[in-house]
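Me: I would like to go through some labels given to this model and ask what stands behind each one. Here is the entry.

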Amino acid sequence: MSFEKVCKINDIPEDGVIGVEIGETPVAVVRTGDGVYALHDVCSHAEVTLSEGEVYDHTLECWLHGSCFDVRTGKSTGPPATKPVPVYRVKIEGDDVLVSLDQEP
Ligand code: FES
């Protein structure tokens, strides 16, 4: 499993999100409560950028129609989106945030 450094932990506001890219893949990196989470940075409803949305607790809310996604699972917790978004593994090394695009087996 290969991890890539995407940012420093302090680059992400507390209870906030930033958008990064690994190769051609857009990734939303969320910092909330106890940890840092990474999701595919495309809403499963109408394919807009999730990293422009708002973070509440462990939820990332899409800015366009208000669907909410659990950042731990990628599951939609509120309509209109019904499909999940992929989540990626995160590793913290010192101040560095690393993400792996490899999916769970
Ligand atoms: S585009 Fe995200 S909820 Fe519609």
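Me: Why is Glu14 called exposed?
Reply: In this predicted model, Glu14 has a relative accessible area of 64%. Exposed means over 50%, so Glu14 is exposed.

Me: What makes the contact of Arg31 and Glu14 a salt bridge?
Reply: The N to O distance between the two side chains is 3.8 Å. The cut-off is within 4 Å, from a side-chain nitrogen of Lys or Arg to a carboxyl oxygen of Asp or Glu, so the pair of Arg31 and Glu14 counts.

Me: Which parts does the pair of Arg31 and Glu14 tie together?
Reply: Arg31 belongs to strand 3 (residues 25–32), and Glu14 to the loop between strand 1 (4–8) and strand 2 (16–22).

Me: Is Arg31 buried or exposed?
Reply: Arg31 has 18% relative accessibility. Buried means under 20%, so Arg31 is buried.

Me: How many salt bridges does the structure hold?
Reply: There are 5 salt bridges. Among them is the one between Asp70 and Arg72, at 3.1 Å, N to O. Lys91 and Glu93 form another, with their closest N and O atoms 3.7 Å apart. Lys5, Lys8 and Asp96 are linked in a network of salt bridges.

Me: Why is Asp70 called buried, and why is Arg72 called partly exposed?
Reply: Asp70 is at 15% relative accessibility, so Asp70 counts as buried, the limit being under 20%. Arg72 is at 46%, and partly exposed covers the range between the buried limit and 50%, so Arg72 counts as partly exposed.

Me: What label do Lys91 and Glu93 get?
Reply: Lys91 has a relative accessible area of 34%, so Lys91 is partly exposed. Glu93, at 43% relative accessibility, counts as partly exposed.

Me: How do you know that strand 6 and strand 7 pair?
Reply: Strand 6 (residues 59–61) and strand 7 (residues 68–70) share 3 bridges in the antiparallel sense. Pairing needs at least two bridges, so strands 6 and 7 pair. In one of these bridges, Thr59 has Asp70 of strand 7 as its partner.

Me: What makes strand 5 and strand 8 the edges of the sheet?
Reply: The open sheet has 4 strands in the order 5-6-7-8, with antiparallel pairing. Strand 5 (54–56) and strand 8 (76–78) each have a single partner strand, so one side of each is left without a neighbour in the sheet. From one strand to the next, the twist averages 30°.

How values were computed
Residues are numbered from 1 along each chain as its sequence is written. This is a predicted model: local features need pLDDT of at least 70, side-chain atom pairs count only at pLDDT 80 or more; totals for chains, interfaces and linings use all residues. Side-chain values use heavy atoms; hydrogens and water are left out. Helices (H or I, at least four residues) and strands (E, at least two) are DSSP runs, numbered from the N terminus. Axes are lines fitted to C-alpha atoms, for helices over the stretch in contact, and angles run from 0 to 180 degrees between N-to-C directions. Buried means under 20% relative accessible area, exposed over 50%, partly exposed in between (1.4 Å probe, protein chains only).
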